[in-house]
Amino acid sequence: MMSGKAMTRIYVPSETTALSLGADEIASDISAVLASLEQPPELVRNGSRGLFWLEPMIEVETGAGRIAYGPVTPEDLPGLLEAGLLEGAQDHPLCLGPTEEIPYLAQQQRLTFSRIGVADPLSLSAYEAGGGFAGLRRAVALSPQAIVQQVTESGLRGRGGAAFPTGIKWQTVLDAGAGQKYIVCNADEGDSGTFADRLVMECDPYLLIEGMVIAGLAVGATEGYIYLRSEYPLALHRLNAAIERAVEAGYLGADVCGSGRAFALEVRLGAGAYICGEETALLDSLEGKRGMVRVKPPLPAIEGFLGRPTVVNNVLSLAAVPYILERGPEAYAACGQGRSRGTLTAQLAGNVERGGLVELAFGVTLRQLIEDFGGGTLSGRPLKAVQVGGPLGAYLPESLWDTPLDYEAFAEVGAMLGHGGVVLFDDSVDMGEQARFAMEFCAVESCGKCTPCRIGSTRGVEVIDRIRAGESPEANLELLEDLCTTMIDGSLCAMGGMTPFPVQSVTRHFADDLAPGAARRD
Amino acid sequence: MTFTSPTDARVQQHIAAHRERPGALLPLLHALQDDFGFIPESALAPIAGALSQTVAEVAGVVSFYHHFRRTPPGDAVLQLCRAEACQAAGARALEAHVKQRLGVDYHQTSADGAVTLEPVYCLGNCACGPSVRIGDRVYGRVSPERADQLLDDLQTQVVEVRG
């Protein structure tokens, strides 16, 4: 008989990927079973641990810690219950053992993501019990300059992709003098293959709030905006709920933690424009305009939102800050190598056996990541190419997979880490098609302000089509190279300036796929 | 999904609720589209007036963003992810299947008025693609067969008559 006496809680994730695979149906089925028990355990809708190939992953709290099961389908539930799911029995084939001992998780260094998936994302008490707001409490006792100093000493660099030192950006805004300043969080996570920002917002939203309040205290900003992509409806819902609770608890509002200093926070929705992940286009969008890239200088740190000094940071940069304040900059800088300090949040995606979030100190190789964690392709076919860093990132052939995950090491091989997206492609991929898509995507998403990007991307699609159709391939390949150079050197921002990177990686490493007759499309 | 028929009074309500916010235009346009399903042409002039902008400026913002549409959608909007991670997992085949099944291309509505097909560049479900979004719900590992089930559900629902 099921008794439920041995445990107190059962966890079913409420997070986009788990939900996309049926977590709500499982929660509803479990709920119906629990309703028939005399002393039912509590059903908790937690976030996801980021082990996506195991989603929906149920966890059961036992005297010996949490036991995980996954991936669970509604059809698996009766068998699992019979095998003693509610007692945390471990002999069912779907049982993964103690959650914390799952190698994929145990082998990570989760500094920023230490709490994701553990509890109900909106539970303030769970956040506090997990060390939450300790960094903010320390920050409240420090001078603005001392906070900035800690972030500078940590070596944290912008996690959105550009890797600009966060401390220097904050210092510029702090030094910009008195008057209204803003903290803007770039939550327009547009790179394909990335979901780390989303996980923070859906599974640990107070972490982002805490990071933004600390940033506000550091530079003297009293207002913050989270610019969130409209493709993330659950994150919107959760952030708004978290902000409401944080205001009630005094972590946001007119008197942050009794400091006498104010910080107000609001979520604003984007509207499906990749370019708005570029910080100046984002600011224009936030001001209610077309998301057009601005010429720099002036830097946003000097003239940002509504012309005022503004810190624009990615979700992951801001989410790294509470740890730095709580444990000290040395603790954060102790991870990593060279000028890449702290942890890299890699996201394994695409045709991958074990997709998910992998937070590690900088320095492991790409191969370790895709083989040891990712386990190769989901299809079981040979891995052919790995795109790192989103749609503007190079496609890497096997000869480059031993490159260490480090900003400088990647730059040396003509690649970039970007926001940490790692997308695997098996040998059925047509790399000529991928090169064409890079140009096509740029044509769709270009803001249109500068000619190389606006016109170059459309011409790029045409030239690639001609090469693949066998029209003067040699001359057109030369033209493509010339066009790529023009876009790299002449574009206003990374959109046009980096779209050539995936294209050139195909011409360099996968030239056979561009050859006439290689086209398998249509 | 049920939308309200746009009226001038309703447009004015939304304008009044948002006009004082910094950068009011995007939140206002979202409110209109959430309510009506699209941005009606008749709303542009009153918005421009309230925000001291020209109609051309407002129209320019509406047209810039892929999310905003200027014509009513079908009863449901199906967004299909076209980005690289989903491509690697079979999105190109899914895309071809869905287009054929609905008899439409992107930005078009099936003849029965049930489904509008839109491309989307990343739903953040990249470890479990191909992904589609219907309303606020995201579906992962969508095979052509799974897409057929989802479309069956959408296309057999009672079509509401709009007033």
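Two strands are taken to pair if DSSP finds at least two bridges between them, and strands themselves are DSSP runs (E, at least two residues), as helices are (H or I, at least four residues), numbered from the N terminus. The structure described here is a predicted model, in which local features need pLDDT of at least 70 and side-chain atom pairs count only at pLDDT 80 or more, while totals for chains, interfaces and linings use all residues. Residues are numbered from 1 along each chain as its sequence is written, and chains are lettered from A and ligands numbered from 1 in the order in which they are written.

In chain A, strand β3 (residues 58-62) and strand β4 (residues 65-69) pair in the antiparallel sense over five bridges, with Val60(A) standing opposite Ile67(A) in β4(A). β3(A) and β4(A) form a hairpin that leaves two residues between them. β4(A) also pairs with strand β5 (residues 95-98) of chain A, in the antiparallel sense and over three bridges, and here the bridge partner of Ala68(A) is Gly97(A) in β5(A).

Chain A is divided into domain 1 (9-106), domain 2 (124-333), domain 3 (336-426) and domain 4 (431-514), the bounds coming from an automatic or database domain assignment. The C-alpha centres of domain 1 of chain A and domain 2 of chain A lie 33 Å apart. Their contact takes five residues from domain 1 of chain A and six residues from domain 2 of chain A, where two residues are in contact if their C-beta atoms, placed from the backbone, lie within 7 Å. On the side of domain 1 of chain A that touches domain 2 of chain A, the residues divide into no nonpolar, four polar and one charged; in this scheme Ala, Val, Leu, Ile, Met, Phe, Trp, Tyr, Cys and Pro count as nonpolar, Asp, Glu, Lys and Arg as charged, and the others, Gly among them, as polar.

An open sheet of four strands in chain A has the order β8-β7-β6-β9, with parallel pairing. Its edge strands are β8 (264-269) and β9 (310-314) of chain A, each of which pairs on one side only, and the twist averages 20 degrees from one strand to the next. Axes are lines fitted to C-alpha atoms, for helices over the stretch in contact, and angles run from 0 to 180 degrees between N-to-C directions. Strand β7 (residues 223-228) of chain A and β8(A) pair in the parallel sense over six bridges, and Ile226(A) stands opposite Val267(A) in β8(A). Helix α11 (residues 233-248) of chain A packs on the sheet, where it touches β7 and β8 of chain A, and its direction makes about 165 degrees with that of β8(A). Helix α13 (residues 315-327) of chain A likewise packs on the sheet, touching β6 (182-187) and β9 of chain A, with a direction that makes about 95 degrees with that of β9(A).

Chain B has seven helices and five strands, which follow the pattern α-α-α-α-β-α-α-β-β-β-β-α along the sequence. The C-alpha trace of chain B spans about 50 × 35 × 20 Å along its principal axes. Of the 163 residues of chain B, 42% count as buried; a residue is buried if 20 or more other C-beta atoms lie within 10 Å of its own, exposed if 12 or fewer, and partly exposed in between, with C-beta atoms placed from the backbone. The domain assignment of chain B gives domain 1 (8-64) and domain 2 (76-156), and 29 Å separate the centres of these two domains, taken over C-alpha atoms.

The contact between the chains takes 46 residues from chain A and 34 residues from chain B. On the side of chain A that touches chain B, α1 (16-20), β8, α12 (279-286), β12 (343-350) and β16 (421-426) of chain A each supply at least two residues. By class, this side has 21 nonpolar, 18 polar and seven charged residues.

According to the unreviewed UniProt entry, the annotation "binding site" covers Cys81(B), Cys86(B), Cys122(B) and Cys126(B); although spread over 46 residues of sequence, these positions cluster in space, with a largest C-alpha distance of 9.5 Å. Such annotations may be inferred rather than shown by experiment. Cys86(B) lies in helix α5 (residues 84-88) of chain B and counts as buried because it has 32 C-beta neighbours inside 10 Å. Cys126(B), found in the loop between β3 (115-120) and β4 (132-134) of chain B, counts as buried with 33 such neighbours inside 10 Å. Leaving aside neighbours within four places in sequence, Cys126(B) is in contact with Ala85(B) and with residues of chain A, including Ser192(A), Phe195(A) and Gln347(A).
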